[in-house]
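Take a walk through this model, one region at a time. Keep the sequence at hand as you go.

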Amino acid sequence: MTDPRAVAELLLEGATLKRMPRAGWAMRGVPYTESVAEHSFGVVLVALALVDVLQPGAGPGEPGLNLEKVLIIALLHDLAEARLTDLPASAARLIPAEVKSKAEAQALAGILAPLPGAARLRVLWQEFEDRSSPEGRLVRDADKLEMMVQCLRYEQAGSRGLDEFWQAIDGLSWHYAVSGEIYAQLRSLRPGS
């Protein structure tokens, strides 16, 4: 039987993401920095939109992307940051990818431990981390697209000095062509474009 106290602790730990600012924006002097939780909500919304665009009208049992998997992966993708914090790209570049991935996997395992389905949820998160499924790859695209939606919003509100975010994404290989098309549309909306 699941310990309600342990589940409550999981929920409280996850709620810290509502107060945890996205470090990259804060380091660039953005006046109101979104939280990790706000970013995660945005990723869920982008992922939902991408699934719908990629397979319009697809019903249950039809081949293609598994919407439930997509939404779970999108919700979980940054949950480990409740323990590790949000590392800006400048810090993440100094940490070998396998070390960062292992730390995130351990943090996520600890956070999800009270749940009976923890093992299944960790497997889904790993699909995102490894890009080993169409759903994991779609959420990777959604994660980057959401960051650029937020970047555009910050620029539209007057923030400057965010060119490096656009430059980093300009060379990205998108897993789904529509993601690249949406990115190009976002880029065309930049102030001064």
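This is a predicted model: local features need pLDDT of at least 70, side-chain atom pairs count only at pLDDT 80 or more; totals for chains, interfaces and linings use all residues.

Start with two helices. Two packed helices are described by the angle between their axes and the distance between the axes. Here the pair is α4, residues 67-76, and α8, residues 118-130. Their axes come within 9 Å. They cross at roughly 85 degrees. Angles of 65 to 115 degrees count as roughly perpendicular, so α4 is roughly perpendicular to α8.

Which residues of α4 and α8 meet? From α4 come E68, K69, I72, I73 and L76. From α8 come R120, L121, L124, W125, E127 and F128. By class, the residues of this contact are seven nonpolar and four charged. No polar residue takes part in the contact of α4 with α8.

Now turn to the largest pocket. Its volume is about 1200 Å³. The lining of this pocket counts 41 residues. Nearest its centre lie L87, A89, A92, K100 and K144. Which helix gives the largest share of the lining? That is α7, with six residues. By class, the lining of the largest pocket has 19 nonpolar residues, 15 charged and seven polar.

The second largest pocket holds about 370 Å³ of space. It is lined by 18 residues. G14, A15, L17, L75 and L79 are the closest to its centre. Helices α1 (4-15), α3 (36-54), α4 and α7 each give at least two residues to this lining. What classes of residue line the second largest pocket? The lining has 14 nonpolar, two polar and two charged residues.

S40 lies in helix α3. Is S40 buried or exposed? Its relative accessible area is 8%. Buried means under 20%, so S40 counts as buried. Beyond its neighbours within four places in sequence, S40 is in contact with A74, H77 and D78.

S35 sits in the loop between α2 and α3. This serine is buried too, with a relative accessible area of 6%. Leaving out residues up to four places away in sequence, S35 touches L17, K18, R19, M20, P21 and R22. L17 is also one of the residues closest to the centre of the second largest pocket.

Finally, look at the backbone. Most residues other than glycine have a negative phi, and most peptide bonds are trans. Two residues here have a positive phi. T85 is not a glycine, yet its phi is positive, at about 70 degrees. The place of T85 is the loop between α5 and α6. T85 has 41% relative accessibility and counts as partly exposed.

R131 is likewise not a glycine, and its phi is positive at about 55 degrees. Where does R131 lie? It lies in the loop between α8 and α9. Its relative accessibility is 38%, so R131 counts as partly exposed.

Key
Residues are numbered from 1 along each chain as its sequence is written. Side-chain values use heavy atoms; hydrogens and water are left out. Axes are lines fitted to C-alpha atoms, for helices over the stretch in contact, and angles run from 0 to 180 degrees between N-to-C directions. Helices (H or I, at least four residues) and strands (E, at least two) are DSSP runs, numbered from the N terminus. Angles under 35 degrees count as roughly parallel, over 145 as roughly antiparallel, 65 to 115 as roughly perpendicular and the rest as oblique. Contact means heavy atoms within 4.5 Å. Ala, Val, Leu, Ile, Met, Phe, Trp, Tyr, Cys and Pro count as nonpolar, Asp, Glu, Lys and Arg as charged, and the others, Gly among them, as polar. On a 1 Å grid over the protein atoms alone, a cavity is a set of points where a 1.4 Å probe fits but cannot get out, and a pocket is an open set with protein on both sides within 12 Å along at least five of seven lines; lining residues have an atom within 4 Å of a point. Grid points are joined across faces, edges and corners, and a volume is the space filled by probe spheres set on the points. Buried means under 20% relative accessible area, exposed over 50%, partly exposed in between (1.4 Å probe, protein chains only).
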